[in-house]
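Hello,

Here is the structure for your files. My notes on its pockets and annotated regions follow below.

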Amino acid sequence: MKKISPHIGILVALIVITCWFTSLFFLLNWHFNWNNPLVYLMVFVQMHLYTGLFITAHDAMHGTISTNQKANNFIGYLVVFLYAGFFYNRLFTKHHQHHTHVHTENDPDFAPHGFWKWYFRFMLNYVTIIQLVIMAVAYNVLKIWVDEKNLLLFWVLPSLLSTFQLFYFGTYLPHKGEHDNEYHSTTLKKNHFVAFITCYFFGYHFEHHQKPGMPWWQLYKTKD
């Protein structure tokens, strides 16, 4: 496989982080009116940017941000902490268990249940008490400078919504049911716009399992 340029991978990661931070900064300082429909649109824009943070971390877990391991892992640690106080090493271990033991009892991302039971099992595999404490402290510190309605609407809500986006399009839809292939997964029909908007091309999930070393911004190239 063609070697991934460390400069391009880092540049893409920095663009995602910068877009997320810039949007969040202005939204937290926005004196908005509840009647403005743009408010609700921006919740979903920020949700999508939160998802981008996690997808960037996912690339780091596969070593596709940079061939420099320290740079690759630093970005991985940074984005999952910015996302919701997660610890990269915990996510790294569990994600590789998913790839190694996909669709088995040893797969932390799989549960033979309906949507909600599967979602809560999925979340409990990753959320820790320490993480919740970190987020609670961050919330109360940010309240000193940020209006609480802005904090709830543009910091808390989009991150929670993005967990549904990541789970539904990146885990539940691809892996629910039985599949006649070694990766136990399905894939979205070819539509790059839909694939990007829904989950940064990770609806092309069968292709991701085929080529886990392909970064998200090149994953569309694997789609026949």
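Please keep in mind that this is a predicted model. I begin with the second largest pocket, whose lining is made up of twelve nonpolar residues and one polar residue, with no charged ones. The space in this second largest pocket comes to about 270 Å³. Its lining has 13 residues, and those nearest the centre are Trp 20, Leu 24, Leu 82, Leu 142 and Trp 155. Helix H1 (6-28), H3 and H6 each give two or more residues to this lining. The most come from H1, which gives five.

The largest pocket has a volume of about 330 Å³. It is lined by 18 residues, and Ala 84, Gln 131, Met 135, Ser 159 and Leu 160 are the closest to its centre.

On the annotation side, an unreviewed UniProt entry lists residues 7-32, 38-59, 71-88, 118-139 and 151-170 under "transmembrane region". I looked at two of these spans in the model. Residues 38-59 are 100% helix and 0% strand, and the end C-alpha atoms of that span lie 31 Å apart. Residues 71-88 are 83% helix and 0% strand, with 14 Å between the end C-alpha atoms.

Regards

Definitions and conventions. Residues are numbered from 1 along each chain as its sequence is written. This is a predicted model: local features need pLDDT of at least 70, side-chain atom pairs count only at pLDDT 80 or more; totals for chains, interfaces and linings use all residues. Side-chain values use heavy atoms; hydrogens and water are left out. UniProt positions are given in the numbering used here, feature names are shortened, and annotations may be inferred rather than shown by experiment. Helices (H or I, at least four residues) and strands (E, at least two) are DSSP runs, numbered from the N terminus. On a 1 Å grid over the protein atoms alone, a cavity is a set of points where a 1.4 Å probe fits but cannot get out, and a pocket is an open set with protein on both sides within 12 Å along at least five of seven lines; lining residues have an atom within 4 Å of a point. Grid points are joined across faces, edges and corners, and a volume is the space filled by probe spheres set on the points. Ala, Val, Leu, Ile, Met, Phe, Trp, Tyr, Cys and Pro count as nonpolar, Asp, Glu, Lys and Arg as charged, and the others, Gly among them, as polar.
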